[in-house]
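I set out to record what I looked up in one structure, entry by entry. I began with the fold of a chain and ended at the DNA.

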Number of protein chains: 2
Amino acid sequence: MNIKKRKKLEKKGWKVGSVEEFLQLSPEEMQYVELKISLSKIVQEKRQQKKLTQQQLANLMKSSQSRIAKMEAGDPSVSLDLLIRSLLVLGNSQKNIIRRLV
Amino acid sequence: MNIKKRKKLEKKGWKVGSVEEFLQLSPEEMQYVELKISLSKIVQEKRQQKKLTQQQLANLMKSSQSRIAKMEAGDPSVSLDLLIRSLLVLGNSQKNIIRRLV
DNA sequence: TGACTTTATGTCAAATATGATATATTTTTA
DNA sequence: TAAAAATATATCATATTTGACATAAAGTCA
């Protein structure tokens, strides 16, 4: 799993997205990263739609403001678990999530 | 997050699913657990559809046979990350996943 | 402008998930 | 049925994710 490569590059200021072939990520790894980035954007949209501050959302899910910020920034240190728990708190139903996965 | 409660009960042989009010899980926590359990079933179905053994799937995603087994058993120690990485390896496109999440 | 609110970034110890390994159990097949 | 293959379960050291905290940066508005 050479997502680490990407992490390191990102920390050094690399812009991810179009460097697929440069970084040697497998298609699955690319999709994994893209999924997280996409979800992070959705979380931000949903939070803003609900007029919540990052702090308020953090309180709702017993996380921290900094973690919400990192999540919305697409920080690689944020797991899918946290992203999806956010979506659940923001009102996405578990059924809707599954329906699209099958 | 009192998923730990549930973990302990599960280890002791509790059947989960209808004990929602007994365990004091919030709706979001229930959905989170149910999502994981549902995804674990989907992983198993997809793997079997592709006629892969747990070992083969483990090799494909550089995991271990035991982890696949736990994943398919809905073991609470398996993260959403691993579940979704499995689905990606099994051919679910990232786009399909997102489409259902929004 | 300057106070105030919100968001971003960095660090860290504790909690949790990980792959590896061993081994038991179940299922398949000859 | 017995051997072989597949799956399940337990443990563990390591790696990753976590919330908390501090603080910087950016945005808002009097």
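The entries below follow the order in which I worked through this predicted model.

**Entry 1: chain A.** I looked up the secondary structure and found six helices and zero strands in chain A. I noted its elements from the N terminus on as α-α-α-α-α-α. I then looked up burial: of the 102 residues in chain A, 28% are buried. I also looked at contacts in chain A with a separation of 6 or more, and 55% of them join residues 24 or more positions apart.

**Entry 2: the nonpolar core.** I looked up the largest nonpolar core, which has 30 residues. The residues with the most contacts inside this core are A:Met71, A:Leu83, B:Met71 and B:Leu83. Helix 2 (27-49), helix 4 and helix 5 of chain A each supply at least two of its residues, as do helix 2 (27-49), helix 4 and helix 5 (80-89) of chain B. I recalled that nonpolar side chains tend to be buried together in soluble globular proteins.

**Entry 3: DNA strand D.** I counted 20 residues around DNA strand D, the closest being A:Ser66, A:Ser79, A:Leu82, B:Thr53 and B:Ser66. Two or more residues of this surface come from each of helix 4 (65-72) and helix 5 (80-89) of chain A and helix 3 (54-60) and helix 4 (65-72) of chain B. Helix 4 of chain B gives the largest share, five residues. By class, I recorded four nonpolar, 10 polar and six charged residues near DNA strand D.

Key: Residues numbered from 1 in each chain as written. Chains lettered and ligands numbered in written order. Predicted model: local features only at pLDDT ≥ 70, side-chain atom pairs only at ≥ 80, totals over all residues. Near = placed C-beta within 6 Å. Helix = DSSP H or I, 4+ residues; strand = E, 2+ residues; numbered from the N terminus. Nonpolar A, V, L, I, M, F, W, Y, C, P; charged D, E, K, R; others polar. Buried ≥ 20, exposed ≤ 12 C-beta atoms within 10 Å, placed from the backbone. Contact = placed C-beta atoms within 7 Å. Core = buried A, V, L, I, M, F, W, Y, C linked by C-beta atoms within 7 Å.
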